[in-house]
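Have the viewer open and follow along.

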Amino acid sequence: MAGKDDMKERMVELKKQESSDADAQKRKRSDDKRDEKLMAKAEEASQKPVVDTEKEAGSPAIRTEGPVGLDVGTSHIIVAQNEKNYINTVKQLNAFFTIPISKFAKSILAKNDVLFFEQDNLFYIIGNSSEDFANMFNTDTKRSIKKGILSADEQEGITVIQAIVQSVIRKPKQFGETLCFTIPGDPLEGTGSVVYHESIIKRFLGTMGYFPISINEGMAIVMSELSDDDYTGIGISMGGGMCNICLSYLSFPVITYSFQMAGDYIDSMVGISVGEHATKIRTIKEEELDLLKEPKDRIITALHIFYDNLIKNLLDSLQRVLSSTDKIPMISKPVPIVLSGGTAMPNGCKEMFAKALKNYKLPVEISSVILAEDPLNTTAKGALIMAMTEAQQG
Ligand SMILES: Nc1ncnc2c1ncn2[C@@H]1O[C@H](COP(=O)(O)OP(=O)(O)O)[C@@H](O)[C@H]1O
Ligand SMILES: [Mg+2]
């Protein structure tokens, strides 16, 4: 008799198991379906153009709805949101300027919609307004993230970044909204690490009500620009304080690093060489430089020289990093390099890069060098696409 009961019990158990397997399969199928839907939505978003909304002084920060992309760059902090037919971005200069506290100044600043906060007997004027003040005092603004990565002894920078982020976004409409923010790769030189930088920003965004996820800046470029290549290739962000490089294989950041030489380096080196203020050099660089044209004066000549120098240093580093790792996947076909960031913008930068590349033998074959569609907004767009694929609610 005992044998019969055993059999019965066993049958019941098997049935239970079967139905729980079926449930698990059903769940998996619906998870897969949801993931596919998210991927399709993200891919669709990567085809959309970016529309830059100018941030007017005094306009309130956005109350975000849906996933958010946040580019925490050394020059700008940019937020991206997915709209029906386009990607909307809003940016704020990641800089500040301090003046001594006075009651009079306070009312004038407030009346003129200047963004500021008080700390240690100083007014911290932040974001776009800081540039006007620096110009007025004939000096430069200060960067909140000096070398691209926040460190524990830069409390001032952390406070400024928090204030700037809060000037572009408020807490989300839905608590726990997914937000992807960009982080640099670990720097090649020195012992710095992005761990502290990443944790501080993550903690702060969490207290604002977001579910924050970090994404490497070079990876964000791949997410934004290489959907047709199955997210395989090298994304290079050439910004103000640093360049960020990522080799992605099928959307996995295989190799990432940062390189502390970029637009600011060009400005200061050219400035030193020709005896001019770096700010003046920056303006000429942004407005007049064409790397395909023969240089006419000594400032433009120096700009050519230091662009060439930056690109060669960058390629040296790429060769060094790629040759000294055993992480490189077997990629069956040549992969593209995408250049992005403000420093990649002058006419001829892509060509100069492609020409210099011919002198290097990298362990990965390169198919082409391309320039991102909208170099100043690519990173924020890529972070948004990542946020859309990670979002909990489709
Ligand atoms: N049109 C342009 N031509 C050349 N350089 C530019 C141009 N626009 C911006 N830049 C430079 O790009 C750098 C900022 O790039 P960006 O991608 O905004 O930096 P980050 O990611 O560090 O915030 C600065 O050095 C700036 O001078
Ligand atoms: Mg950037």
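In which sense do strand E11 and strand E12 pair, and over how many bridges? Keep in mind that this is a predicted model. Strand E11 (residues 233-238) and strand E12 (residues 243-249) pair in the antiparallel sense, with six bridges between them.

## The five-stranded sheet

E11 and E12 belong to an open sheet of five strands, ordered E13-E12-E11-E14-E15. The pairing across this sheet is mixed. At the edges sit strand E13 (252-259) and strand E15 (366-371), each of which pairs on one side only. Going from one strand to the next, the twist averages 15 degrees.

## Helices on the sheet

Helix H6 packs on this sheet, where it touches E11, E12, E13 and strand E14 (335-340). The direction of H6 makes about 115 degrees with that of E11.

Helix H10 (residues 349-357) packs on the sheet too, touching E14 and E15. Here the angle between the direction of H10 and that of E15 is about 160 degrees.

## H6 meets H11

H6 (residues 217-225) also packs with helix H11 (residues 378-390), at an angle of about 80 degrees and with the axes 7 Å apart. Angles from 65 to 115 degrees count as roughly perpendicular, so that is how H6 and H11 lie to each other.

Who makes the contact? On the H6 side you'll find Glu217, Ala220, Ile221, Met223, Ser224 and Glu225. H11 brings Thr378, Thr379, Lys381, Gly382, Ala383, Ile385 and Met386. Sort the residues of this contact by type and you get six nonpolar, four polar and three charged.

Now jump to strand E9 (residues 177-183). Is E9 enclosed or open? Seven of its seven residues are buried, so E9 is largely enclosed by the rest of the structure. Glu177, Leu179, Phe181 and Ile183 point one way from the strand, while Thr178, Cys180 and Thr182 point the other way, and all are buried.

E9 runs parallel to strand E2 (residues 68-72), joined to it by three bridges. In that pairing, Val68 stands opposite Leu179 of E9. E9 also runs parallel to strand E10 (residues 210-216), this time with seven bridges. There, Ile183 is the residue opposite Asn216 in E10.

Key:
Residues are numbered from 1 along each chain as its sequence is written. Chains are lettered from A and ligands numbered from 1 in the order in which they are written. This is a predicted model: local features need pLDDT of at least 70, side-chain atom pairs count only at pLDDT 80 or more; totals for chains, interfaces and linings use all residues. Axes are lines fitted to C-alpha atoms, for helices over the stretch in contact, and angles run from 0 to 180 degrees between N-to-C directions. Helices (H or I, at least four residues) and strands (E, at least two) are DSSP runs, numbered from the N terminus. Angles under 35 degrees count as roughly parallel, over 145 as roughly antiparallel, 65 to 115 as roughly perpendicular and the rest as oblique. Two residues are in contact if their C-beta atoms, placed from the backbone, lie within 7 Å. Ala, Val, Leu, Ile, Met, Phe, Trp, Tyr, Cys and Pro count as nonpolar, Asp, Glu, Lys and Arg as charged, and the others, Gly among them, as polar. Two strands pair if DSSP finds at least two bridges between them. A residue is buried if 20 or more other C-beta atoms lie within 10 Å of its own, exposed if 12 or fewer, and partly exposed in between; C-beta atoms are placed from the backbone.
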